[in-house]
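Hi there,

Here is the structure I promised to pass on.

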Amino acid sequence: MSEQPKLASLDDSIVGRLPSHAQALFAAKTKKELTFADLAKLLGRSEVAVAAIFYGQATASKEDVEVLAQALDLDATTLRTQIGGVFPDRGRAGPMPPVEPLIYRLYEIVQNYGYAYKAVINEKFGDGIMSAIAFSTAVDKEVDADGVAWVNIKMRGKWLPFTRF
């Protein structure tokens with residue numbers, strides 16, 4: 001007997017901050033019992049990129065819209081209007097500082113280690129920033145020898161040196 005997939009759901013406390021299509025996408029994903037990993041395979045994108053489309057924080061291509069519509073049994077014309085060619089609205093989904101515990105912990109990592117990351121990155125690359133636009137990320141699960149689960153978050157951003165002006 002196969003195990004029921006654990007599905008991410010939409011947090012009711014942020015629904016008002018999200019685009020209208022978020023609720024329909026999450027409801028259809030739940031009804032079809034699809035994970036973001038399942039949808040990522042269909043779209044040829046990362047799980048995080050697909051989830052970002054659901055939250056209105058990433059652009060969906062025409063192909064993404066067609067595949068999502070078919071996979072989720074949604075009307076392609078309606079979905080195309082809602083997410084196809086629409087500019088994402090990034091960074092406004094939740095309050096600052098975050099109150100959702102997992103998101104707060106990510107924020108806390110930056111609060112506690114942000115300047116340390118900056119110092120080490122500057123020593124290795126010079127004066128500049130890591131792009132969050134020319135960027136990719138992945139989330140992996142690791143289980144150690146004691147059976148303890150660990151979260152691995154990989155972030156890869158293009159290095160953008162500051163220019164002299």
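A salt bridge here is a side-chain nitrogen of Lys or Arg within 4 Å of a carboxyl oxygen of Asp or Glu. Please keep in mind that this is a predicted model, in which local features need pLDDT of at least 70, side-chain atom pairs count only at pLDDT 80 or more, and totals for chains, interfaces and linings use all residues. Residues are numbered from 1 along each chain as its sequence is written, and side-chain values use heavy atoms, with hydrogens and water left out.

The structure holds 4 salt bridges, and here are some of them. Helices (H or I, at least four residues) and strands (E, at least two) are DSSP runs, numbered from the N terminus. For accessibility, buried means under 20% relative accessible area, exposed over 50%, and partly exposed in between (1.4 Å probe, protein chains only).

One of the bridges joins the side chains of arginine 105 and glutamate 108, at 2.9 Å from N to O. These two sit 3 residues apart in helix 6 (residues 101–125), so about one helical turn separates them. Arginine 105 is partly exposed at 48%, and glutamate 108 is partly exposed at 25%.

Another pairs lysine 32 with aspartate 73 (3.0 Å, N to O). It links distant parts of the chain, 41 residues apart: lysine 32 is in the loop between helix 1 and helix 2 (36–43), aspartate 73 in the loop between helix 4 and helix 5. Lysine 32 is partly exposed, at 35%, whereas aspartate 73 counts as exposed, at 58%.

Arginine 45 and aspartate 64 also meet in a salt bridge (2.5 Å, N to O). Because arginine 45 lies in the loop between helix 2 and helix 3 and aspartate 64 in helix 4, the pair ties together parts that are 19 residues apart in sequence. Aspartate 64 is buried, with a relative accessible area of 5%, while arginine 45 is partly exposed at 28%.

Now to helix 5 (residues 76–83): which of its residues are buried? They are Ala76, Leu79 and Ile83. These residues cover an arc of only 65° around the axis, so they lie on the same side of helix 5; the arc is that of the directions from the helix axis to the C-beta atoms. They pack against helix 1 (21–31), helix 3 (47–54) and helix 4 (62–72), where contact means heavy atoms within 4.5 Å.

Happy exploring!
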